[in-house]
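Please look over the sequence and the model, then follow the points below, which are grouped by topic.

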Amino acid sequence: MPTFDEFAPIGALLILSVVMVALITIISRLFGPYRPSLRKTAPYESGMKPIGPAVRRFPVRFYLIAVLFILFDIEVVFMLPWAVVFRQLGLFALIEMVIFIAILLVGYFYAWRKGALEWE
Amino acid sequence: MEFNIHSIVFLIFSVITLGGGLGTVTSRNLIHGAVYLIVSLFGVAGLFILLSAPFLAAIQVLVYIGAIAILIIFAVMLTRSMTRMTEIYNRQWSLSLVVSALLFVLLLVGIILPVWGPGTANAALQPSELVATTVDLGVAFVDGNQFVLPFEVASLLLTAAMIGAIVIARDRD
């Protein structure tokens, strides 16, 4: 399997990183002094004091931004294989991609007109 | 079944995927569940590598872990009392049991029929011989005999999803 062999360095990197993190954590836990205090266990040890719990509801606007991000992300995913080969494919491929983007532009202009791209 | 490096790696990634999925459905804290889901999605990316689909593996990491997991974490943060859940909150568990059982059977049939069922024309072909590289995928997207229509329908689907998200999430228009 050629793909499997091509990804062998990434596999080696994964194994190495897991081993390194485990090793460093174990060594520091074994040999380092462990004396937690209130100040040390604060979220930002030498930063601002937390003024309240971070666990609270967020405005739905974040969700809209995340959804729009994913949609444009997937759009690029579809363009990427096309962009790799579009020089060999000629006019037909170009027209196809223009149609693809034109349909998406409808959604884009809808988002624009509705003000979904603005934060306010 | 022969026992080689591929089967060991398959075993590792299967354990990562299934373990992450198990953690997702059993954790009481929804944020922890989302992190388990990331682990599970990463395992699926590894399985894509084993299936000779490097493009899908990269997309799995970029889109699913990088974007959809973030969206799920956002969705968790939008909901009330996300960390104070102490008991299973599901009033329709009998109905969801039926739906998930049906879905499981459907997936099982969907896997068994194309691989071992009758009329498996591509059974002798390795998956990598159909669409081997990103170049093949790009050609398949624009080739009139292959995936032109699904490609264009995908953009329609994305537009519909965009409009739907805006309609649902806008508090006023």
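**Briefing on the predicted model**

B:Gly66 has a relative accessible area of 38% and is therefore partly exposed. The coordinates come from a predicted model.

- B:Gly66 belongs to helix H3 of chain B.
- Residues up to four places away in sequence set aside, B:Gly66 touches A:Phe69 and B:Val61.
- B:Gly66 and B:Ile38 are 28 residues apart along the chain, and a separation of 9.1 Å lies between their C-alpha atoms.
- B:Ser40 is placed in helix H2 of chain B, which covers residues 30-50.
- With a relative accessibility of 11%, B:Ser40 counts as buried, because the limit for that class is under 20%.
- When neighbours within four places in sequence are left aside, the contacts of B:Ser40 are B:Ile16, B:Thr17, B:Gly20 and B:Gly21.

**Aromatic rings**

- Over all chains, the structure holds 9 aromatic pairs.
- One of these pairs joins A:Phe62 and B:Phe74: the ring centres are 5.8 Å apart and the planes stand at 50 degrees, so the pair is classed as tilted.
- This pair crosses between chains, linking helix H3 of chain A (residues 61-89), where A:Phe62 lies, with helix H3 of chain B (residues 54-78), where B:Phe74 lies.
- A:Phe62 is partly exposed, at 26% relative accessibility.
- A single aromatic cluster is formed by A:Phe72, A:Tyr108, A:Phe109 and A:Trp112.
- Over the ring of A:Tyr34 sits the charged end of A:Arg29, at 4.6 Å from the ring centre.

**Helices H3 and H4 of chain A**

- The axes of H3(A) and H4(A), the latter spanning residues 91-113, come within 10 Å and cross at roughly 165 degrees.
- H3(A) is therefore roughly antiparallel to H4(A), because an angle over 145 degrees falls in that class.
- The crossing of H3(A) past H4(A) is left-handed.
- On the H3(A) side, the contact is made by A:Phe72, A:Glu75, A:Phe78, A:Met79, A:Trp82 and A:Leu89.
- On the H4(A) side, the residues are A:Leu91, A:Ala93, A:Leu94, A:Met97, A:Phe100, A:Ile101, A:Leu104 and A:Tyr108.
- A:Phe72 and A:Tyr108, both members of the aromatic cluster, also take part in this contact between the helices.

Key: Residues are numbered from 1 along each chain as its sequence is written. Chains are lettered from A and ligands numbered from 1 in the order in which they are written. This is a predicted model: local features need pLDDT of at least 70, side-chain atom pairs count only at pLDDT 80 or more; totals for chains, interfaces and linings use all residues. Side-chain values use heavy atoms; hydrogens and water are left out. Rings of Phe, Tyr and Trp (its six-membered ring) pair if their centres lie within 6.5 Å; planes under 30 degrees apart count as stacked, over 60 as edge-to-face and the rest as tilted. Helices (H or I, at least four residues) and strands (E, at least two) are DSSP runs, numbered from the N terminus. Buried means under 20% relative accessible area, exposed over 50%, partly exposed in between (1.4 Å probe, protein chains only). A charge sits over a ring if NZ of Lys or CZ of Arg is within 6 Å of the ring centre and within 35 degrees of the ring normal. Axes are lines fitted to C-alpha atoms, for helices over the stretch in contact, and angles run from 0 to 180 degrees between N-to-C directions. Angles under 35 degrees count as roughly parallel, over 145 as roughly antiparallel, 65 to 115 as roughly perpendicular and the rest as oblique. A crossing is left-handed if the near helix is turned anticlockwise from the far one by less than a right angle, and right-handed if clockwise. Contact means heavy atoms within 4.5 Å.
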